[in-house]
Structures are given as structure tokens and as C-alpha cells.
Amino acid sequence: MKTIRLTTAQALVRFLDNQYLNVDGKEIKFVKGLFGIFGHGNVLGLGQALEQDAGSLEIHQGRNEQGMAHAAIGFAKQSLRQQIYACTSSIGPGAANMVTAAATATANHIPLLLLPGDTYATRQPDPVLQQVEQSYDLSISTNDAFKAVCKYWDRVSRPEQLMTACISAMRVLTDPAETGAVTIALPQDVQSEAYDYPDYFFAKRVHRLERPTPAESAIEEAVALIKQAKKPLVICGGGLKYSQAGEALSAFCQAFSIPFAETQAGKGTLVSENPWNVGGVGETGCLAANTLAKEADLVIGVGTRYTDFTTSSKWIFQNPQVKYLNINVRRFDAFKMDGVQVVADAKQALNAVTKALTNTGYKAAWADEIQQVQNDYIKERQRLYAVEFNQQDFVPEIDDHLPREQVFKEFQALTDSVLTQSRALGLINETIPENAVIVGASGSLPGDLQRIWKTRSPNSYHVEYGYSCMGYEVNASLGVKMANPEREVFTLVGDGSFMMLHSELVSSIQERKKINVVVFDNMTNGCINNLQMEHGMDSFYTEFRFRGDKADRLDGGFVPVDFAKIGEGYGCKTYRVTNVEQLKHALADAAKQDRSTVIDIKVLPKTMIHKYFSFWRVGVAQVSESERINKITQEINEKVRQSRQY
């Protein structure tokens with residue numbers, strides 16, 4: 001047996017550089033590169049290995065460990081999980097910063113390889129800098145925190161353990177059913193230890209993107225169920241997009257006159273103008289899809305996790321006879337809602353069902369209802385895109401803030417803004433290039449986007465909503481741009497999420513990867529502010545206000561922030577926007593730039609978009625001194641009684 005003497009870190013780099021993925025006969029280099037922030041826990045081990053010979057791996061410098069990991073998630077998600085970046089950090093806080101990103105990747109089924117440094121395997125110098133000591137278990141380090149949020153976790157405490165750890169990591173990362181975050185913790189002494197590795201460990205490995213075919217009996221059961229249905233509705237989930245099954249879905253819907261609705265992850269698989277597309281469904285769903293959802297007697301979930309936002313906490317499918325047909329590559333998700341399970345790749349399953357159902361002569365009985373709800377939806381979108389602020393008697397879309405006139409007055413005194421959020425979104429939607437990619441994740445924007453954003457090209461809608469992670473947006477946009485350098489990328493982010501994390505905006509300047517960051521500043525965590533008042537509360541620590549006369553309240557004036565100045569300080573081209581003409585100019589000028597831009601839009605509070613016939617279960621006080629809260633609690637309890645229990 002031929003061996004090669006390398007350090008553990010050097011062997012890891014060589015292994016990663018030889019991993020490939022076969023996707024329908026096309027071979028793709030699976031690990032494109034690595035994001036790193038180096039410290040004492042990894043710089044002289046993995047850092048030395050990369051400096052000596054990184055092979056063809058591309059190395060990028062991160063600014064914040066969570067931020068760079070979000071960039072890696074954005075890259076993998078935009079690459080339809082066919083290519084990844086790994087991320088390395090030092091021990092302690094550097095590693096801990098990536099825990100949030102690991103959870104984001106796992107919740108969204110996105111492959112993410114994390115390589116944090118770890119404390120000494122020998123324990124000789126313990127406690128080292130940044131080490132967390134637990135007296136009941138000396139083997140525990142910060143990296144044990146990853147166990148709860150990863151699909152695979154390992155610690156390489158001996159050089160030879162690297163081999164099985166790496167093979168297991170690839171098993172999970174390339175599995176469409178079980179992919180997510182993978183952590184291989186690397187004690188800093190072990191990283192530098194030498195070992196005689198067998199040369200076959202470094203052989204080129206080509207992993208296959210598996211497309212499991214459905215069982216014949218499952219297709220028979222699915223066809224029998226569809227034939228019984230008069231008004232079936234397809235739910236297009238993220239798994240359908242990653243399977244690249246858009247054409248198969250369109251053919252299925254065309255053949256049998258079945259409409260499809262979209263989840264956040266599934267939106268953009270097919271363009272909004274597809275004749276069978278009725279838009280987003282659920283709590284953040286649109287007028288069209290939610291209208292049909294109430295009547296559907298069969299829900300065909302393809303590649304969806306059936307989150308509470310998709311099902312409106314299992315409430316929106318109100319037909320008393322409704323049944324569920326679940327097509328999913330992941331058996332765990334196929335069993336949800338107690339439906340008929342077709343455990344298979346989305347493309348394979350849809351093609352098989354289409355073929356089997358064709359000879360039956362089946363057609364859904366929706367008739368003109370699909371066209372009618374689509375027409376109503378288009379009118380509603382046009383109305384919202386045209387909403388202008390009127391100084392006199394203006395009623396916002398979210399009309400539940402009792403002293404709203406005072407809020408508008410305060411906000412305008414600071415900003416001079418007359419721009420509504422829905423008007424700004426409409427103008428952006430109609431102005432940016434057809435193939436531009438938008439990126440979002442948290443706050444009120446994902447809801448507005450799922451309700452009214454018109455997708456004009458495939459894979460142009462990139463919204464992380466499995467974890468709804470504040471701070472994802474700006475950083476993931478860098479990864480999206482790295483995946484699609486030929487496309488313009490627009491980050492749509494609220495002021496609260498921008499302030500939480502935007503570190504890799506600097507990296508976009510460094511890498512000359514232009515992104516356009518559009519900050520919607522309403523001086524409020526608007527989504528949660530709405531949630532409070534919708535459920536009977538007053539605004540409580542969700543508006544960004546100075547501390548006033550009362551020590552226990554932030555009830556002073558709004559705290560103004562100049563986000564354009566922040567972007568300018570980083571080297572971005574920036575714009576401050578308070579009206580339609582300024583926004584038009586900013587978008588036109590940003591298109592001419594070759595560096596990242598920041599468009600700071602001051603949008604009037606409460607001018608996001610209301611929901612349509614939906615319900616979302618949240619924990620409300622069952623006992624309260626407020627009559628408003630008591631009344632709403634009774635209403636929610638009634639809707640819970642109407643909801644499916646499992």
C-alpha cells in the first residue's frame with residue numbers, strides 16, 4: 001500500500017479538493033472553496049495546509065464567522081445544492097458564531113461544511129485561550145453546541161479518524177434527503193500532527209445526486225387518490241426546485257388542469273406568469289392561492305416540509321373532505337399530515353404520476369375559478385404597487401396601530417419620507433433586470449414578497465424562511481453572487497436585520513462581487529410590531545425609540561440611522577431615498593456601478609401588506625388584564641379548534 005505523509009489538515013485539504021458530484025451525467029466539482037477566519041485554533045494547522053497547497057480550492061476571507069457561513073449557505077442554495085463552500089474558524093467564539101448558520105442550513109436542508117478549530121486533544125495545556133471548561137466533562141468544548149443543529153457531527157481526535165469523518169461528511173452533504181450542516185471539529189494539535197495516509201484516500205471521488213424512483217404501488221395509490229379529487233391543489237416546495245422539476249410540474253398541471261401554489265422555498269421554480277401558478281400559499285400567502293386552498297379537496301405536497309406558514313398552522317385547508325398526497329425524497333416529510341406517501345425524487349415521481357394518470361382521462365373540476373382568482377390577484381398586486389401616501393386621512397395596509405397619525409408625523413419629521421413599502425417593492429420589481437436575483441429572509445419583507453413579488457425568471461427568488469434568520473440577507477447575497485456572477489443580486493432587508501449582521505458587505509467589496517443592498521428603514525422591527533398589535537398589545541420594545549421619561553419604557557422619539565453613511569464607509573456607492581423619483585434614480589444609477597451599492601429607503605411604518613384569509617397560531621396570554629387581548633385570545637382558541645391536530 002502506498003502512503004503519503006501529511007498533517008491532518010493537509011490531508012483534509014487534499015481530500016476536499018478531490019470531491020465531485022454527478023448530476024444527471026454532468027460532473028461538478030463539489031467543494032469549490034473555503035471561507036476562513038483564522039485564529040490560534042486553526043491558522044497554523046488548516047491555515048498552513050491551505051497556504052502550502054490549496055490545490056484548486058478558492059479561499060475567501062470572512063469578516064464574521066456567522067456572516068461567512070451565511071454566504072456559504074447562499075452559494076449552496078443558489079447552486080441548487082450541487083456545489084458548496086466549506087467554512088473554518090478558530091476555537092471558542094469563532095466556532096460559536098457559526099452555530100446559528102448551522103441551524104439555518106439544517107432547517108432549510110442546505111449542505112454546509114463547517115471546520116471549526118477545537119481545544120487540544122492531549123489536554124496538556126488546558127485550559128487554553130477561549131476554552132470553555134465544564135467540570136463534569138472535560139471532553140466538552142464549544143463545538144459540542146453544534147450537535148443539536150447539524151445532520152452529522154464529528155471530532156477528529158486522532159489523525160487517522162479524519163478518513164471516516166470525511167467519508168461520512170460527504171455521505172450527508174450529497175444526500176438530498178438528509179443534507180444540512182455538517183461539523184468536523186479539529187483540535188488544534190491534531191491538525192498539525194503527521195500521519196501516513198493511504199493514497200487511495202485522496203483518489204477522485206464522484207458522488208451521485210441520487211434520484212430515487214417511486215414504488216409502483218405508491219404511484220398506483222397516488223393515481224387512485226387524484227382520480228377521486230375534484231379540486232386538487234399542488235404545493236410547490238423547495239425540494240421541487242432542487243430537483244429541477246419545474247418542467248415536470250408544469251406538464252403535470254397542464255395535463256390535468258391542476259393549479260399549483262408556492263412555498264417560500266418553492267417560489268421561483270416556475271415564473272409567476274405560468275398559467276397554473278396561483279402564487280404563495282399560507283400565512284404569507286397571496287389572494288389567489290389562499291382562496292383556492294380553502295376549497296381544495298386534495299393537497300398534493302411536492303418537496304414541502306408543511307411548515308406552519310405553509311399550512312397556516314394546519315388551518316387553511318378547510319374542506320372537510322381534504323386529503324393529502326405527499327411526494328418527497330425525505331421519508332420524514334412524506335409522512336406529514338397523515339397523507340399518502342410517495343418517497344421519491346420530485347421529478348421522477350411527477351413524471352411517473354403524469355404517465356400513469358394520462359390514460360384515465362382525468363381532469364380537475366376547477367373550471368374558470370383558476371383564471372378568476374389569478375385576475376383578482378393581478379388587480380390586487382397592481383393596487384398595492386400603486387399605494388401612495390396621502391397626507392390627509394391616509395389609512396395604511398396594516399391598520400392596527402392606534403396612534404398611527406402620530407407615528408407618521410414623527411417619522412416624516414425625521415425623514416421627509418412619503419414612500420410606502422408596497423410601492424417601493426412594486427417599483428423595484430418592475431425596474432430590476434428580468435434575471436436579477438432577490439435575497440431575503442426575515443421581518444415583514446418575506447411575507448410581502450411571497451404575496452406580491454412577480455418572478456420573471458427561474459431561480460431568481462432566494463428567500464430563506466425555514467429558519468427566518470435575521471442577518472442572513474446581506475451575507476448570503478455574496479454567496480448568491482459568487483454562484484451567479486453574471487446576474488445582478490438585490491438584497492431586500494429590513495433595518496433591524498441589517499443592523500444585526502451585514503459583515504460580508506465588506507467582503508463583497510474586497511472580492512469585487514457587486515451586490516445591491518436595499519435597506520427598508522421604518523425604524524421598527526415591523527413584523528413583530530404588527531404581531532403585537534394584531535394580538536391586542538401596544539408597541540412594546542419593537543419600535544426603535546430613545547428611552548423616555550419612564551425608566552421602564554422606550555417611549556421617546558425614533559432613533560434615526562443613516563444606513564447610506566454606513567455603506568459609504570465600507571466603500572459602497574450609496575443612495576438615500578424618500579420618494580418615488582429618488583428610488584427610480586437610485587435603481588438606474590446602481591445598475592451602472594461595478595461595486596456594491598446600498599440604497600437606504602425610508603419607508604413609512606405600517607405600509608407593508610396585510611394577509612389574506614390566513615391564520616397563524618402564536619402563544620397568546622390565556623389570562624390578561626386587557627380586554628383586547630382577551631377577545632383576540634378567544635378568537636385564536638376557536639381557530640385552533642378548527643385546525644387539523646397533527
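Author: Let us begin with pairing: strand β22 (residues 573-577) and β23 pair in the parallel sense over 5 bridges, where strands are DSSP runs of E with at least two residues, numbered from the N terminus, and two of them pair if DSSP finds at least two bridges between them. Within this pair, Y575 stands opposite I599 in β23. Please keep in mind that this is a predicted model, in which local features need pLDDT of at least 70, side-chain atom pairs count only at pLDDT 80 or more, and totals for chains, interfaces and linings use all residues. Residues are numbered from 1 along each chain as its sequence is written, and side-chain values use heavy atoms, with hydrogens and water left out.

Reader: Over how many bridges do β21 and β23 pair, and in which sense?

Author: β21 and β23 pair over 6 bridges, in the parallel sense, and K602 of β23 is the bridge partner of D521.

Reader: Why is strand β23 described as largely enclosed by the rest of the structure?

Author: Buried means under 20% relative accessible area, exposed over 50%, and partly exposed in between (1.4 Å probe, protein chains only). Strand β23 (residues 597-602) is largely enclosed because 6 of its 6 residues are buried. T597, I599 and I601 point one way, while V598, D600 and K602 point the other way.

Reader: Is N516 buried or exposed?

Author: N516, which lies in strand β21 (residues 516-521), counts as buried because its relative accessibility is 0%.

How values were computed. Helix = DSSP H or I, 4+ residues; strand = E, 2+ residues; numbered from the N terminus.
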